[in-house]
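Please look over the sequence and the structure shown here, and keep both in view while you read.

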Amino acid sequence: MNKAAQIRAKMARGERVIGAHVFLTDPEISEALANHGFEFVWIDGEHSAFDKASILGHIMACAAGGAASIVRVAWNDPVLVKPVLEMGPDGIILPMVSTAEQARAAVAACSYPPLGIRGFGPRRAIQYGAVDTGEYLENVNDSFLRIVQIEHKEAVDNLEEILQVPGIDLVMVGPNDLSASIGHLGDLRHPQVMALCDRIADTCKAMGKPFGASLGPGDEATIRDWIERGVNMLGCGDDISYISMGCRRTFQLIKSLG
């Protein structure tokens, strides 16, 4: 069973999948996070200095460490999606999807004709020719997760229609951009932001669809909120924030000892 299938099965059982984000380009970071027990690594191609080669390195490092590799591309654009899928990640995240039309475009970018518009040219995705092309095509739609991000109030208003689009495995909430869309950037516990997050969770559960959230590492109250909402996939913390937390903790300890 591939890692995407394992994650689908775990979410179907009502279990939570836990991962972390990476922004720094050295692939050893992804391997280290995997070895520390994270089940997936969110390779962030939107807010980082990643190029195609470094994304490939992180995907391979995740495989070495035993975690699923999930790549967020910079935008819902087939030009950005295609080369990443050829690298054989275990999932892809398309940001700022706010309408059913945009969700359909995301699925089309991930799918070969007649279901979509993806051009054919897998490389690592067919293990450099070790996997038969026919076998690959037979299983390709199940070989990776297709995730769209809910990051705007418009997306919340259109969520039922988005969830009805065939081919989407789950939606992932981006709380910071969601809070910005209603004028409360970064205030994740503002009542209006909390209400939008509750709506997302309630809609997904009512429609029997899994959902996730992308969070920082230190906000226990926000993490607890999402667990109480029944979140299926939780991306929590990142390489930069974990380094920062460790640095602060060490300096505070040394200073406290005089």
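The second largest pocket is lined by 19 residues, and those nearest its centre are Pro175, Asn176, Ser214, Leu215 and Gly216. Here a pocket is an open set of points on a 1 Å grid over the protein atoms alone, with protein on both sides within 12 Å along at least five of seven lines, and a lining residue has an atom within 4 Å of a point. This is a predicted model, in which local features need pLDDT of at least 70 and side-chain atom pairs count only at pLDDT 80 or more, while totals for chains, interfaces and linings use all residues. Residues are numbered from 1 along each chain as its sequence is written, and side-chain values use heavy atoms, with hydrogens and water left out.

The volume of this second largest pocket is about 380 Å³, where a volume is the space filled by probe spheres set on the grid points, which are joined across faces, edges and corners. At least two residues of its lining come from each of α9 (175–180), β7 (211–215) and β8, and α9 gives the most, with three residues. These names follow DSSP runs numbered from the N terminus, with helices (H or I) of at least four residues and strands (E) of at least two. By class, the lining of the second largest pocket holds four nonpolar, nine polar and six charged residues; Ala, Val, Leu, Ile, Met, Phe, Trp, Tyr, Cys and Pro count as nonpolar, Asp, Glu, Lys and Arg as charged, and the others, Gly among them, as polar.

The largest pocket has a volume of about 550 Å³, and among the 22 residues that line it, Asn2, Gly88, Ala125, Gln127 and Ser143 lie nearest its centre. The elements that give two or more residues to this lining are α3 (52–65) and α6 (133–139), and the largest share, three residues, comes from α6. The lining of the largest pocket divides into eleven nonpolar, six polar and five charged residues.

What does a search of the whole structure find in the way of cavities of 30 Å³ or more? It finds one, a cavity being a set of points where a 1.4 Å probe fits but cannot get out.

Turning to the strands, a closed barrel of eight runs β1-β2-β3-β4-β5-β6-β7-β8 with parallel pairing, where two strands pair if DSSP finds at least two bridges between them. From one strand to the next, the twist averages 25 degrees. Strand β4 (residues 91–94) is joined to strand β5 (residues 145–150) by four bridges, and the bridge partner of Ile92 in β5 is Arg146.

Leu94 is found in strand β4. Is Leu94 buried or exposed? Leu94 is buried, with a relative accessible area of 1%, since buried means under 20% and exposed over 50%, with partly exposed in between (1.4 Å probe, protein chains only). Leaving aside neighbours within four places in sequence, Leu94 is in contact (heavy atoms within 4.5 Å) with residues including Val73, Ala106, Cys110 and Ile147.

Terms used
Axes fitted to C-alpha atoms, helices over the stretch in contact; angles between N-to-C directions.
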